[in-house]
Amino acid sequence: MIRNEDNWLLRVRDLTKIYGEPNENTLALTGPQFNSNQCPETDSIVACAGISFDLFPGEVLGIVGESGSGKSTVVRLLYFDMEKSAGEAMLRPYQDGQVNILDESNQKKRFIRNHLMGMVYQNPRDGLNFRFTSGGNIAEKLIMAGNLHVAQIRSRASRLLEKTEVPVQRMDDRPASFSGGMQQRVQISKAIANNPPLLFLDEVTTGLDVSVQARVLDLIRELQQDLGIAMIVVSHDLSVIRMLTDRTIVMKNGRIVESGLTDQILQDPQHAYSQLLVSSLL
Amino acid sequence: MVENRKFVNKYNFAFIDEATKKEIRRKLLKAIAIPGYQVPYSSPEMPIARGWGTGGLHVTLAIIGPDDVFKIIDQGSDASVNACNLREFVQHMTQVKTTYDTGEATIIQTRHRITEEELKEGQIFVYQVPQPEPLRGVERYENRTRQMHGEADYAKMWVSLYESFVQHGDIMLGAGYPVMVDKRYIMAPSPIPKWDVPNLNQSKALHLFGAGREKRLYAVPPHTIVEPLEFEDVKFHPENFKGIPCYKTGYKKAFLDELYFDDGTQHYVVNDSNFLDKLLEKAAPVQHHNKYLNPSGS
(Lines give C-alpha, C1' and ligand atoms only; values in the text may rest on other atoms or scores of the structure.)
Protein backbone atom coordinates (compact mmCIF):
# COMPACT_ATOMS: atom_id res chain seq x y z
CA MET A 1 0.00 0.00 0.00
CA ILE A 2 1.31 3.39 -0.95
CA ARG A 3 1.54 5.68 2.02
CA ASN A 4 2.27 9.13 0.83
CA GLU A 5 1.09 12.34 2.42
CA ASP A 6 -2.11 12.59 0.40
CA ASN A 7 -3.26 9.01 0.77
CA TRP A 8 -4.69 9.44 4.27
CA LEU A 9 -7.97 7.86 5.31
CA LEU A 10 -8.65 9.95 8.39
CA ARG A 11 -7.10 13.34 9.02
CA VAL A 12 -7.51 14.90 12.45
CA ARG A 13 -6.44 18.46 13.15
CA ASP A 14 -6.39 20.27 16.49
CA LEU A 15 -9.09 18.14 18.04
CA THR A 16 -10.02 19.69 21.39
CA LYS A 17 -12.53 18.89 24.09
CA ILE A 18 -12.86 21.14 27.14
CA TYR A 19 -15.39 20.74 29.94
CA GLY A 20 -16.46 23.90 31.72
CA GLU A 21 -15.85 27.46 30.61
CA PRO A 22 -12.25 28.01 29.51
CA ASN A 23 -10.60 31.40 29.16
CA GLU A 24 -7.79 32.46 26.83
CA ASN A 25 -5.10 31.09 29.18
CA THR A 26 -6.65 27.67 29.70
CA LEU A 27 -4.71 25.86 26.98
CA ALA A 28 -1.45 27.57 27.92
CA LEU A 29 -1.78 26.64 31.61
CA THR A 30 -2.59 22.96 31.20
CA GLY A 31 -0.77 19.99 29.76
CA PRO A 32 2.05 17.62 30.63
CA GLN A 33 4.48 20.42 31.59
CA PHE A 34 2.06 21.38 34.39
CA ASN A 35 1.16 17.76 35.04
CA SER A 36 -2.50 18.75 35.06
CA ASN A 37 -5.41 19.10 32.69
CA GLN A 38 -7.35 21.42 34.95
CA CYS A 39 -7.05 25.13 34.28
CA PRO A 40 -5.96 26.91 37.53
CA GLU A 41 -7.88 30.07 36.57
CA THR A 42 -11.23 28.71 35.45
CA ASP A 43 -11.25 25.13 36.79
CA SER A 44 -12.27 23.92 33.34
CA ILE A 45 -10.97 20.48 32.38
CA VAL A 46 -9.07 19.99 29.15
CA ALA A 47 -9.89 16.41 28.19
CA CYS A 48 -7.81 16.65 25.04
CA ALA A 49 -6.34 19.52 23.06
CA GLY A 50 -4.46 20.05 19.85
CA ILE A 51 -4.71 16.42 18.77
CA SER A 52 -3.53 16.11 15.17
CA PHE A 53 -2.66 12.97 13.25
CA ASP A 54 -3.23 11.19 9.95
CA LEU A 55 -4.39 7.62 9.67
CA PHE A 56 -3.70 5.73 6.46
CA PRO A 57 -5.82 2.98 4.89
CA GLY A 58 -5.24 -0.39 6.52
CA GLU A 59 -2.99 1.10 9.17
CA VAL A 60 -3.31 0.41 12.88
CA LEU A 61 -2.66 3.36 15.13
CA GLY A 62 -2.26 2.98 18.87
CA ILE A 63 -3.05 5.57 21.48
CA VAL A 64 -1.47 4.93 24.88
CA GLY A 65 -1.51 6.88 28.07
CA GLU A 66 -2.53 6.62 31.68
CA SER A 67 -6.15 6.86 32.66
CA GLY A 68 -7.45 10.38 32.36
CA SER A 69 -4.98 11.23 29.62
CA GLY A 70 -7.78 11.80 27.10
CA LYS A 71 -7.21 8.80 24.86
CA SER A 72 -10.79 7.53 25.04
CA THR A 73 -12.06 11.06 24.53
CA VAL A 74 -10.27 11.21 21.19
CA VAL A 75 -12.01 8.12 19.76
CA ARG A 76 -15.36 9.02 21.27
CA LEU A 77 -15.17 12.45 19.64
CA LEU A 78 -14.34 10.83 16.33
CA TYR A 79 -17.22 8.35 16.71
CA PHE A 80 -19.59 11.27 17.56
CA ASP A 81 -20.33 9.99 21.06
CA MET A 82 -19.38 13.44 22.31
CA GLU A 83 -19.43 16.94 20.85
CA LYS A 84 -16.03 18.45 20.14
CA SER A 85 -15.07 21.87 21.49
CA ALA A 86 -12.85 22.66 18.53
CA GLY A 87 -10.95 20.99 15.74
CA GLU A 88 -11.70 19.08 12.60
CA ALA A 89 -11.65 15.58 11.21
CA MET A 90 -11.88 14.56 7.57
CA LEU A 91 -12.71 11.07 6.39
CA ARG A 92 -11.59 10.22 2.85
CA PRO A 93 -14.54 7.98 1.86
CA TYR A 94 -16.98 10.68 2.92
CA GLN A 95 -17.21 13.44 0.30
CA ASP A 96 -13.58 12.76 -0.63
CA GLY A 97 -12.39 14.13 2.71
CA GLN A 98 -13.34 17.67 1.83
CA VAL A 99 -15.66 18.34 4.77
CA ASN A 100 -15.22 18.34 8.53
CA ILE A 101 -17.29 15.36 9.66
CA LEU A 102 -17.52 16.75 13.19
CA ASP A 103 -19.60 19.68 11.90
CA GLU A 104 -22.12 17.58 10.00
CA SER A 105 -25.79 17.22 10.99
CA ASN A 106 -26.83 14.36 13.26
CA GLN A 107 -28.39 12.56 10.32
CA LYS A 108 -25.17 12.68 8.29
CA LYS A 109 -23.13 11.73 11.33
CA ARG A 110 -25.29 8.69 11.74
CA PHE A 111 -24.78 7.79 8.09
CA ILE A 112 -21.01 8.04 8.55
CA ARG A 113 -21.16 6.00 11.73
CA ASN A 114 -23.24 3.27 10.17
CA HIS A 115 -21.49 2.99 6.84
CA LEU A 116 -17.89 4.03 7.42
CA MET A 117 -17.05 3.36 11.07
CA GLY A 118 -17.23 0.72 13.73
CA MET A 119 -16.61 0.98 17.44
CA VAL A 120 -15.78 -1.57 20.09
CA TYR A 121 -16.11 -0.27 23.62
CA GLN A 122 -14.38 -1.52 26.73
CA ASN A 123 -17.74 -2.31 28.29
CA PRO A 124 -19.97 -4.41 25.99
CA ARG A 125 -22.98 -2.69 27.54
CA ASP A 126 -21.98 0.52 25.77
CA GLY A 127 -21.84 -1.09 22.36
CA LEU A 128 -24.56 -3.71 22.60
CA ASN A 129 -28.22 -3.44 23.46
CA PHE A 130 -28.73 -6.12 26.09
CA ARG A 131 -32.48 -6.22 25.48
CA PHE A 132 -31.87 -7.50 21.95
CA THR A 133 -30.40 -10.88 20.96
CA SER A 134 -26.85 -10.96 19.66
CA GLY A 135 -28.24 -11.46 16.15
CA GLY A 136 -30.54 -8.50 16.71
CA ASN A 137 -27.62 -6.35 17.73
CA ILE A 138 -25.84 -7.12 14.48
CA ALA A 139 -29.14 -6.66 12.63
CA GLU A 140 -29.42 -3.16 14.07
CA LYS A 141 -26.23 -2.12 12.32
CA LEU A 142 -27.30 -3.78 9.05
CA ILE A 143 -30.79 -2.24 9.24
CA MET A 144 -29.28 1.17 9.85
CA ALA A 145 -27.39 0.75 6.61
CA GLY A 146 -30.69 0.04 4.84
CA ASN A 147 -30.93 -3.77 4.75
CA LEU A 148 -34.53 -4.85 5.39
CA HIS A 149 -34.34 -8.49 4.29
CA VAL A 150 -34.53 -10.85 7.27
CA ALA A 151 -32.94 -13.86 5.55
CA GLN A 152 -30.03 -11.75 4.31
CA ILE A 153 -29.59 -10.15 7.72
CA ARG A 154 -29.50 -13.56 9.37
CA SER A 155 -27.03 -15.10 6.95
CA ARG A 156 -24.73 -12.08 7.26
CA ALA A 157 -25.02 -12.12 11.05
CA SER A 158 -24.23 -15.83 11.25
CA ARG A 159 -21.21 -15.40 8.98
CA LEU A 160 -19.95 -12.59 11.21
CA LEU A 161 -20.45 -14.65 14.35
CA GLU A 162 -18.62 -17.55 12.72
CA LYS A 163 -15.76 -15.28 11.86
CA THR A 164 -15.55 -14.03 15.43
CA GLU A 165 -15.91 -17.57 16.81
CA VAL A 166 -19.21 -17.06 18.59
CA PRO A 167 -21.28 -20.27 18.34
CA VAL A 168 -23.89 -19.54 15.68
CA GLN A 169 -26.57 -21.50 17.51
CA ARG A 170 -26.40 -18.80 20.20
CA MET A 171 -27.29 -16.10 17.71
CA ASP A 172 -30.82 -15.80 19.09
CA ASP A 173 -29.71 -15.55 22.71
CA ARG A 174 -29.22 -12.29 24.53
CA PRO A 175 -25.64 -11.19 25.12
CA ALA A 176 -26.46 -10.89 28.83
CA SER A 177 -26.17 -14.69 29.02
CA PHE A 178 -22.72 -14.68 27.39
CA SER A 179 -19.28 -14.62 28.96
CA GLY A 180 -17.31 -11.38 28.83
CA GLY A 181 -15.10 -12.59 26.00
CA MET A 182 -18.09 -13.69 23.96
CA GLN A 183 -19.83 -10.38 24.52
CA GLN A 184 -16.73 -8.64 23.29
CA ARG A 185 -16.66 -10.82 20.17
CA VAL A 186 -20.33 -10.09 19.48
CA GLN A 187 -19.47 -6.42 19.80
CA ILE A 188 -16.69 -6.84 17.27
CA SER A 189 -19.07 -8.63 14.86
CA LYS A 190 -21.47 -5.73 15.18
CA ALA A 191 -18.73 -3.18 14.62
CA ILE A 192 -17.52 -4.78 11.40
CA ALA A 193 -21.01 -5.72 10.12
CA ASN A 194 -21.00 -3.19 7.30
CA ASN A 195 -17.35 -3.65 6.31
CA PRO A 196 -16.34 -0.22 7.54
CA PRO A 197 -12.95 1.12 6.42
CA LEU A 198 -12.30 2.40 9.95
CA LEU A 199 -12.63 0.70 13.32
CA PHE A 200 -12.16 2.17 16.80
CA LEU A 201 -11.15 -0.15 19.63
CA ASP A 202 -11.41 1.39 23.07
CA GLU A 203 -9.64 -0.74 25.70
CA VAL A 204 -11.17 -3.87 24.21
CA THR A 205 -9.23 -6.39 26.26
CA THR A 206 -9.27 -4.64 29.60
CA GLY A 207 -11.14 -6.70 32.14
CA LEU A 208 -10.83 -9.99 30.26
CA ASP A 209 -8.69 -12.81 31.57
CA VAL A 210 -5.40 -13.43 29.84
CA SER A 211 -6.33 -16.41 27.66
CA VAL A 212 -9.50 -14.67 26.45
CA GLN A 213 -7.49 -11.50 25.88
CA ALA A 214 -5.13 -13.41 23.64
CA ARG A 215 -7.99 -14.82 21.57
CA VAL A 216 -9.66 -11.44 21.16
CA LEU A 217 -6.36 -9.90 20.12
CA ASP A 218 -5.77 -12.75 17.66
CA LEU A 219 -9.20 -12.14 16.22
CA ILE A 220 -8.58 -8.41 15.80
CA ARG A 221 -5.24 -9.07 14.10
CA GLU A 222 -6.84 -11.61 11.79
CA LEU A 223 -9.65 -9.24 10.86
CA GLN A 224 -7.14 -6.54 10.21
CA GLN A 225 -5.16 -8.77 7.88
CA ASP A 226 -8.20 -10.28 6.13
CA LEU A 227 -10.25 -7.16 5.66
CA GLY A 228 -7.60 -4.46 5.68
CA ILE A 229 -9.56 -2.29 8.10
CA ALA A 230 -7.77 0.74 9.46
CA MET A 231 -7.93 0.83 13.23
CA ILE A 232 -7.34 3.15 16.11
CA VAL A 233 -6.53 1.10 19.18
CA VAL A 234 -6.79 2.79 22.55
CA SER A 235 -5.10 1.02 25.41
CA HIS A 236 -3.05 1.55 28.51
CA ASP A 237 -1.59 -1.89 27.98
CA LEU A 238 1.68 -1.68 26.07
CA SER A 239 1.66 -5.37 25.15
CA VAL A 240 -1.65 -4.84 23.31
CA ILE A 241 -0.14 -1.87 21.54
CA ARG A 242 2.99 -3.83 20.66
CA MET A 243 0.99 -6.71 19.28
CA LEU A 244 -1.50 -4.76 17.19
CA THR A 245 -0.18 -1.42 16.09
CA ASP A 246 2.18 0.01 13.49
CA ARG A 247 2.32 3.52 14.84
CA THR A 248 1.69 4.87 18.31
CA ILE A 249 0.72 8.14 19.91
CA VAL A 250 1.57 8.66 23.57
CA MET A 251 -0.80 10.97 25.44
CA LYS A 252 -0.54 12.64 28.78
CA ASN A 253 -2.83 15.24 30.37
CA GLY A 254 -4.82 15.61 27.20
CA ARG A 255 -1.86 16.25 24.87
CA ILE A 256 0.23 14.18 22.53
CA VAL A 257 3.71 13.95 24.06
CA GLU A 258 5.26 11.60 21.57
CA SER A 259 4.35 9.84 18.36
CA GLY A 260 6.14 7.50 16.03
CA LEU A 261 6.60 3.88 15.01
CA THR A 262 5.51 1.53 17.75
CA ASP A 263 8.80 -0.38 17.81
CA GLN A 264 10.73 2.83 18.01
CA ILE A 265 8.68 4.15 20.91
CA LEU A 266 8.95 0.90 22.81
CA GLN A 267 12.69 0.51 22.17
CA ASP A 268 13.78 4.08 22.45
CA PRO A 269 11.22 6.34 24.12
CA GLN A 270 12.13 10.01 23.94
CA HIS A 271 9.73 11.77 26.24
CA ALA A 272 10.14 11.35 29.97
CA TYR A 273 6.60 10.06 30.35
CA SER A 274 7.02 7.50 27.55
CA GLN A 275 10.20 6.32 29.24
CA LEU A 276 8.34 5.90 32.49
CA LEU A 277 5.55 4.05 30.72
CA VAL A 278 7.91 1.64 28.96
CA SER A 279 10.04 1.05 32.03
CA SER A 280 7.02 0.26 34.15
CA LEU A 281 6.17 -2.68 31.91
CA LEU A 282 5.97 -5.70 34.17
CA MET B 1 -87.81 43.22 31.63
CA VAL B 2 -84.79 42.68 29.38
CA GLU B 3 -83.90 39.03 29.45
CA ASN B 4 -80.29 38.15 30.11
CA ARG B 5 -79.56 35.80 27.20
CA LYS B 6 -75.89 35.37 27.97
CA PHE B 7 -76.45 32.67 30.54
CA VAL B 8 -79.40 30.89 29.01
CA ASN B 9 -77.06 28.16 27.81
CA LYS B 10 -74.96 26.74 30.59
CA TYR B 11 -72.26 25.67 28.19
CA ASN B 12 -70.70 27.01 25.01
CA PHE B 13 -71.67 25.14 21.83
CA ALA B 14 -69.75 21.85 21.91
CA PHE B 15 -68.73 22.39 25.55
CA ILE B 16 -65.18 23.69 24.93
CA ASP B 17 -64.76 27.48 24.83
CA GLU B 18 -64.04 29.06 21.47
CA ALA B 19 -60.44 30.08 22.19
CA THR B 20 -59.49 26.54 23.15
CA LYS B 21 -61.33 25.09 20.14
CA LYS B 22 -59.35 27.46 17.98
CA GLU B 23 -56.13 26.22 19.54
CA ILE B 24 -57.07 22.58 18.90
CA ARG B 25 -58.05 23.36 15.30
CA ARG B 26 -54.76 25.14 14.74
CA LYS B 27 -52.87 22.10 16.04
CA LEU B 28 -55.01 19.86 13.86
CA LEU B 29 -54.11 21.91 10.80
CA LYS B 30 -50.47 21.46 11.66
CA ALA B 31 -50.98 17.73 12.13
CA ILE B 32 -52.66 17.46 8.73
CA ALA B 33 -49.85 19.46 7.12
CA ILE B 34 -47.26 16.99 8.48
CA PRO B 35 -48.92 13.56 8.13
CA GLY B 36 -48.02 11.23 10.98
CA TYR B 37 -46.24 13.88 13.06
CA GLN B 38 -47.38 14.16 16.68
CA VAL B 39 -48.35 17.72 17.59
CA PRO B 40 -48.52 18.63 21.29
CA TYR B 41 -51.72 20.39 22.33
CA SER B 42 -53.42 21.76 25.42
CA SER B 43 -55.73 18.81 26.25
CA PRO B 44 -58.19 20.84 28.34
CA GLU B 45 -60.17 19.40 31.22
CA MET B 46 -63.25 17.42 30.23
CA PRO B 47 -66.09 15.97 32.28
CA ILE B 48 -64.45 12.54 31.82
CA ALA B 49 -61.01 11.53 33.01
CA ARG B 50 -58.04 11.72 30.65
CA GLY B 51 -57.41 8.35 29.11
CA TRP B 52 -61.11 7.58 28.69
CA GLY B 53 -61.52 9.08 25.25
CA THR B 54 -60.77 12.73 25.96
CA GLY B 55 -58.44 13.04 22.96
CA GLY B 56 -61.09 11.89 20.54
CA LEU B 57 -63.66 14.08 22.26
CA HIS B 58 -61.41 17.15 22.01
CA VAL B 59 -61.01 16.62 18.28
CA THR B 60 -64.71 15.95 17.69
CA LEU B 61 -65.87 18.95 19.72
CA ALA B 62 -63.32 21.25 18.14
CA ILE B 63 -64.40 20.43 14.57
CA ILE B 64 -68.12 19.70 14.92
CA GLY B 65 -70.71 22.16 13.56
CA PRO B 66 -74.51 22.26 13.88
CA ASP B 67 -74.96 20.58 10.47
CA ASP B 68 -72.75 17.58 11.18
CA VAL B 69 -74.10 14.07 11.57
CA PHE B 70 -72.30 12.27 14.35
CA LYS B 71 -71.60 8.55 14.78
CA ILE B 72 -69.48 6.99 17.47
CA ILE B 73 -68.34 3.40 17.88
CA ASP B 74 -66.41 1.52 20.53
CA GLN B 75 -64.67 -1.64 19.27
CA GLY B 76 -66.96 -1.59 16.26
CA SER B 77 -70.16 -1.34 18.24
CA ASP B 78 -72.54 1.65 18.37
CA ALA B 79 -74.07 0.28 21.54
CA SER B 80 -71.23 -0.22 23.99
CA VAL B 81 -70.90 1.90 27.10
CA ASN B 82 -68.11 4.23 26.04
CA ALA B 83 -69.85 4.98 22.74
CA CYS B 84 -73.29 5.53 24.26
CA ASN B 85 -72.09 7.92 26.92
CA LEU B 86 -69.90 9.98 24.63
CA ARG B 87 -72.67 10.09 21.99
CA GLU B 88 -75.11 11.39 24.58
CA PHE B 89 -72.61 13.99 25.77
CA VAL B 90 -71.81 15.27 22.27
CA GLN B 91 -75.51 15.35 21.35
CA HIS B 92 -76.36 17.19 24.55
CA MET B 93 -73.67 19.80 24.01
CA THR B 94 -74.30 20.39 20.28
CA GLN B 95 -77.84 19.18 19.45
CA VAL B 96 -76.41 17.67 16.24
CA LYS B 97 -78.08 14.73 14.57
CA THR B 98 -76.58 11.38 15.60
CA THR B 99 -76.71 8.20 13.59
CA TYR B 100 -75.65 4.56 13.51
CA ASP B 101 -75.35 4.62 9.73
CA THR B 102 -71.69 4.77 8.65
CA GLY B 103 -72.62 6.14 5.23
CA GLU B 104 -74.71 8.98 6.60
CA ALA B 105 -72.26 10.25 9.25
CA THR B 106 -69.95 13.19 8.58
CA ILE B 107 -67.91 12.72 11.75
CA ILE B 108 -67.25 9.24 13.09
CA GLN B 109 -65.48 8.92 16.41
CA THR B 110 -64.01 5.54 17.19
CA ARG B 111 -62.29 3.50 19.78
CA HIS B 112 -60.08 0.69 18.40
CA ARG B 113 -61.79 -0.02 15.06
CA ILE B 114 -62.21 1.41 11.58
CA THR B 115 -65.69 0.84 10.19
CA GLU B 116 -66.01 -2.13 7.88
CA GLU B 117 -67.92 0.01 5.39
CA GLU B 118 -65.80 2.12 3.09
CA LEU B 119 -65.30 5.75 4.07
CA LYS B 120 -66.10 8.49 1.56
CA GLU B 121 -64.70 11.85 0.66
CA GLY B 122 -65.73 14.49 3.18
CA GLN B 123 -66.06 12.11 6.11
CA ILE B 124 -63.84 12.69 9.13
CA PHE B 125 -62.72 9.76 11.23
CA VAL B 126 -61.67 10.60 14.81
CA TYR B 127 -59.64 8.14 16.91
CA GLN B 128 -59.34 7.91 20.68
CA VAL B 129 -55.67 7.10 21.13
CA PRO B 130 -54.27 5.68 24.37
CA GLN B 131 -50.56 5.72 23.38
CA PRO B 132 -49.56 7.96 20.47
CA GLU B 133 -45.86 7.08 20.57
CA PRO B 134 -45.07 4.01 18.41
CA LEU B 135 -41.47 4.01 19.63
CA ARG B 136 -42.37 3.88 23.31
CA GLY B 137 -41.76 0.13 23.41
CA VAL B 138 -38.16 0.52 22.27
CA GLU B 139 -37.27 3.87 23.83
CA ARG B 140 -38.73 5.05 27.08
CA TYR B 141 -37.53 8.66 27.03
CA GLU B 142 -39.75 11.19 25.28
CA ASN B 143 -36.88 13.50 24.33
CA ARG B 144 -35.10 10.59 22.64
CA THR B 145 -38.19 9.43 20.71
CA ARG B 146 -38.83 12.96 19.47
CA GLN B 147 -35.25 13.12 18.25
CA MET B 148 -35.61 9.71 16.61
CA HIS B 149 -38.72 10.90 14.75
CA GLY B 150 -36.99 14.13 13.80
CA GLU B 151 -34.06 12.28 12.26
CA ALA B 152 -36.12 9.32 10.95
CA ASP B 153 -33.88 7.09 13.07
CA TYR B 154 -36.08 4.01 13.20
CA ALA B 155 -33.51 1.20 13.40
CA LYS B 156 -34.54 0.23 16.94
CA MET B 157 -38.15 -0.20 15.85
CA TRP B 158 -37.07 -2.45 12.99
CA VAL B 159 -34.82 -4.48 15.28
CA SER B 160 -37.77 -5.05 17.61
CA LEU B 161 -39.74 -6.43 14.64
CA TYR B 162 -36.76 -8.60 13.70
CA GLU B 163 -36.48 -9.86 17.27
CA SER B 164 -40.18 -10.66 17.32
CA PHE B 165 -39.84 -12.67 14.13
CA VAL B 166 -36.76 -14.51 15.37
CA GLN B 167 -38.29 -15.47 18.68
CA HIS B 168 -41.82 -16.28 17.58
CA GLY B 169 -41.63 -16.94 13.84
CA ASP B 170 -43.89 -13.98 13.09
CA ILE B 171 -44.16 -10.29 13.90
CA MET B 172 -46.17 -10.64 17.08
CA LEU B 173 -47.88 -7.29 17.07
CA GLY B 174 -51.65 -7.27 17.23
CA ALA B 175 -53.62 -4.09 17.71
CA GLY B 176 -51.83 -0.86 16.89
CA TYR B 177 -49.44 -2.28 14.32
CA PRO B 178 -46.94 0.52 13.52
CA VAL B 179 -47.26 2.15 10.12
CA MET B 180 -45.07 4.39 8.00
CA VAL B 181 -47.01 7.48 6.94
CA ASP B 182 -46.13 9.24 3.71
CA LYS B 183 -42.76 7.42 3.74
CA ARG B 184 -41.56 9.63 6.57
CA TYR B 185 -43.01 9.17 10.07
CA ILE B 186 -43.70 5.93 11.91
CA MET B 187 -47.12 6.30 13.47
CA ALA B 188 -49.21 4.34 15.98
CA PRO B 189 -52.60 3.88 14.30
CA SER B 190 -54.21 3.57 17.77
CA PRO B 191 -55.11 0.01 18.79
CA ILE B 192 -57.09 -0.90 15.68
CA PRO B 193 -56.68 -4.55 14.66
CA LYS B 194 -54.25 -5.42 11.86
CA TRP B 195 -57.36 -6.08 9.80
CA ASP B 196 -58.05 -2.33 9.66
CA VAL B 197 -54.51 -1.09 9.10
CA PRO B 198 -54.51 -1.42 5.27
CA ASN B 199 -57.70 0.65 5.15
CA LEU B 200 -55.77 3.73 6.21
CA ASN B 201 -53.76 3.61 3.00
CA GLN B 202 -55.07 6.04 0.36
CA SER B 203 -58.26 6.48 2.36
CA LYS B 204 -60.73 8.98 0.94
CA ALA B 205 -61.61 10.24 4.42
CA LEU B 206 -59.61 12.45 6.76
CA HIS B 207 -58.28 10.61 9.81
CA LEU B 208 -57.63 12.59 12.99
CA PHE B 209 -56.03 11.08 16.09
CA GLY B 210 -56.34 12.54 19.57
CA ALA B 211 -54.48 11.31 22.64
CA GLY B 212 -55.88 13.28 25.55
CA ARG B 213 -53.83 11.83 28.37
CA GLU B 214 -50.59 12.08 26.37
CA LYS B 215 -51.58 15.51 24.95
CA ARG B 216 -50.82 14.71 21.33
CA LEU B 217 -52.69 15.13 18.04
CA TYR B 218 -51.80 13.63 14.68
CA ALA B 219 -53.47 13.04 11.37
CA VAL B 220 -53.57 11.13 8.12
CA PRO B 221 -54.98 13.35 5.35
CA PRO B 222 -57.05 11.80 2.56
CA HIS B 223 -55.15 9.91 -0.16
CA THR B 224 -51.97 9.49 1.87
CA ILE B 225 -49.66 6.49 1.58
CA VAL B 226 -49.81 4.48 4.82
CA GLU B 227 -47.73 1.31 4.87
CA PRO B 228 -47.47 -1.23 7.69
CA LEU B 229 -43.84 -1.91 8.62
CA GLU B 230 -42.67 -5.11 6.97
CA PHE B 231 -39.43 -6.69 5.82
CA GLU B 232 -38.71 -7.57 2.21
CA ASP B 233 -39.20 -11.24 3.02
CA VAL B 234 -41.32 -11.14 6.20
CA LYS B 235 -44.57 -9.47 5.31
CA PHE B 236 -47.36 -7.82 7.21
CA HIS B 237 -50.62 -9.80 7.20
CA PRO B 238 -53.99 -9.09 8.80
CA GLU B 239 -55.82 -11.45 11.14
CA ASN B 240 -56.73 -14.70 9.44
CA PHE B 241 -60.22 -16.04 10.21
CA LYS B 242 -59.58 -19.13 8.08
CA GLY B 243 -62.78 -18.71 6.12
CA ILE B 244 -65.03 -19.03 9.15
CA PRO B 245 -68.39 -17.36 8.44
CA CYS B 246 -70.40 -15.04 10.65
CA TYR B 247 -73.04 -17.23 12.32
CA LYS B 248 -75.78 -14.67 11.70
CA THR B 249 -75.08 -13.66 8.12
CA GLY B 250 -72.68 -16.26 6.74
CA TYR B 251 -70.39 -13.37 5.76
CA LYS B 252 -66.69 -14.26 5.65
CA LYS B 253 -64.76 -11.12 4.69
CA ALA B 254 -65.16 -9.04 7.81
CA PHE B 255 -63.44 -8.71 11.18
CA LEU B 256 -65.15 -11.24 13.45
CA ASP B 257 -65.85 -11.46 17.18
CA GLU B 258 -65.56 -14.78 18.94
CA LEU B 259 -68.64 -15.69 21.00
CA TYR B 260 -69.28 -18.54 23.40
CA PHE B 261 -72.88 -19.52 23.91
CA ASP B 262 -74.29 -20.88 27.14
CA ASP B 263 -73.95 -24.42 25.87
CA GLY B 264 -70.22 -23.82 25.36
CA THR B 265 -70.32 -23.73 21.57
CA GLN B 266 -68.09 -21.28 19.76
CA HIS B 267 -69.53 -18.84 17.24
CA TYR B 268 -68.23 -15.91 15.22
CA VAL B 269 -70.11 -12.74 14.43
CA VAL B 270 -69.30 -9.63 12.40
CA ASN B 271 -67.77 -7.14 14.81
CA ASP B 272 -68.96 -3.90 13.17
CA SER B 273 -72.53 -3.53 14.46
CA ASN B 274 -73.78 -1.21 11.73
CA PHE B 275 -72.21 -3.39 9.02
CA LEU B 276 -73.85 -6.43 10.58
CA ASP B 277 -77.23 -4.68 10.62
CA LYS B 278 -76.88 -3.72 6.97
CA LEU B 279 -75.95 -7.29 6.04
CA LEU B 280 -78.98 -8.58 7.92
CA GLU B 281 -81.18 -6.08 6.05
CA LYS B 282 -79.59 -7.23 2.77
CA ALA B 283 -78.47 -3.65 2.16
CA ALA B 284 -75.16 -4.71 0.53
CA PRO B 285 -72.83 -2.14 2.15
CA VAL B 286 -69.68 -1.28 0.19
CA GLN B 287 -66.54 -2.49 1.93
CA HIS B 288 -63.01 -1.07 1.90
CA HIS B 289 -60.76 -2.24 -0.89
CA ASN B 290 -57.30 -3.44 0.02
CA LYS B 291 -54.92 -6.05 -1.28
CA TYR B 292 -55.41 -8.31 1.72
CA LEU B 293 -59.21 -8.31 1.47
CA ASN B 294 -59.20 -8.65 -2.30
CA PRO B 295 -55.94 -10.47 -3.09
CA SER B 296 -56.57 -10.48 -6.84
CA GLY B 297 -56.30 -6.70 -6.79
CA SER B 298 -59.91 -6.15 -7.81
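The model is predicted; local features need pLDDT of at least 70, side-chain atom pairs count only at pLDDT 80 or more, and totals for chains, interfaces and linings use all residues. Residues are numbered from 1 along each chain as its sequence is written, with chains lettered from A and ligands numbered from 1 in the order in which they are written. The model scores are ipTM 0.84 and pTM 0.88.

Two residues are in contact if their C-beta atoms, placed from the backbone, lie within 7 Å. Helices are DSSP runs of H or I with at least four residues, strands are runs of E with at least two, and both are numbered from the N terminus.

Helix α4(A) is largely enclosed by the rest of the structure, because eleven of its eleven residues are buried. A residue is buried if 20 or more other C-beta atoms lie within 10 Å of its own, exposed if 12 or fewer, and partly exposed in between, with C-beta atoms placed from the backbone. The buried residues of α4(A) include A:Asn137, A:Glu140 and A:Lys141. They pack against α2, α5 and α6 (180-191) of chain A, together with α5 (155-168) of chain B. After α4(A) comes A:Gly146, with a positive phi near 100°.

The axes of α4(A) and α5(A) come within 9 Å and cross at roughly 115°. Axes are lines fitted to C-alpha atoms, for helices over the stretch in contact, and angles run from 0 to 180 degrees between N-to-C directions. The crossing is right-handed. That term applies if the near helix is turned clockwise from the far one by less than a right angle, and left-handed if anticlockwise. A:Gly135, A:Ile138, A:Ala139 and A:Leu142 of α4(A) meet A:Ile153, A:Arg154, A:Arg156, A:Ala157 and A:Leu160 of α5(A). Six residues of this contact are nonpolar, one is polar and two are charged.

Helix α1 (residues 71-78) of chain A is also largely enclosed, because eight of its eight residues are buried. Among them are A:Lys71 and A:Arg76. A:Phe80 lies in the loop between α1 and β4 (86-91) of chain A. Its phi is near 65°, a positive value in a residue other than glycine. A:Phe80 counts as buried because it has 20 C-beta neighbours inside 10 Å. B:Ala284, in the segment after α6 (273-280) of chain B, has a positive phi of about 50°. With 8 C-beta neighbours inside 10 Å, B:Ala284 counts as exposed.

The largest nonpolar core has 134 residues. Such a core is a set of buried Ala, Val, Leu, Ile, Met, Phe, Trp, Tyr and Cys residues joined through C-beta atoms within 7 Å. A:Leu201, A:Ile232, A:Val233 and B:Leu28 have the most contacts inside it.

Technical notes
Ala, Val, Leu, Ile, Met, Phe, Trp, Tyr, Cys and Pro count as nonpolar, Asp, Glu, Lys and Arg as charged, and the others, Gly among them, as polar.
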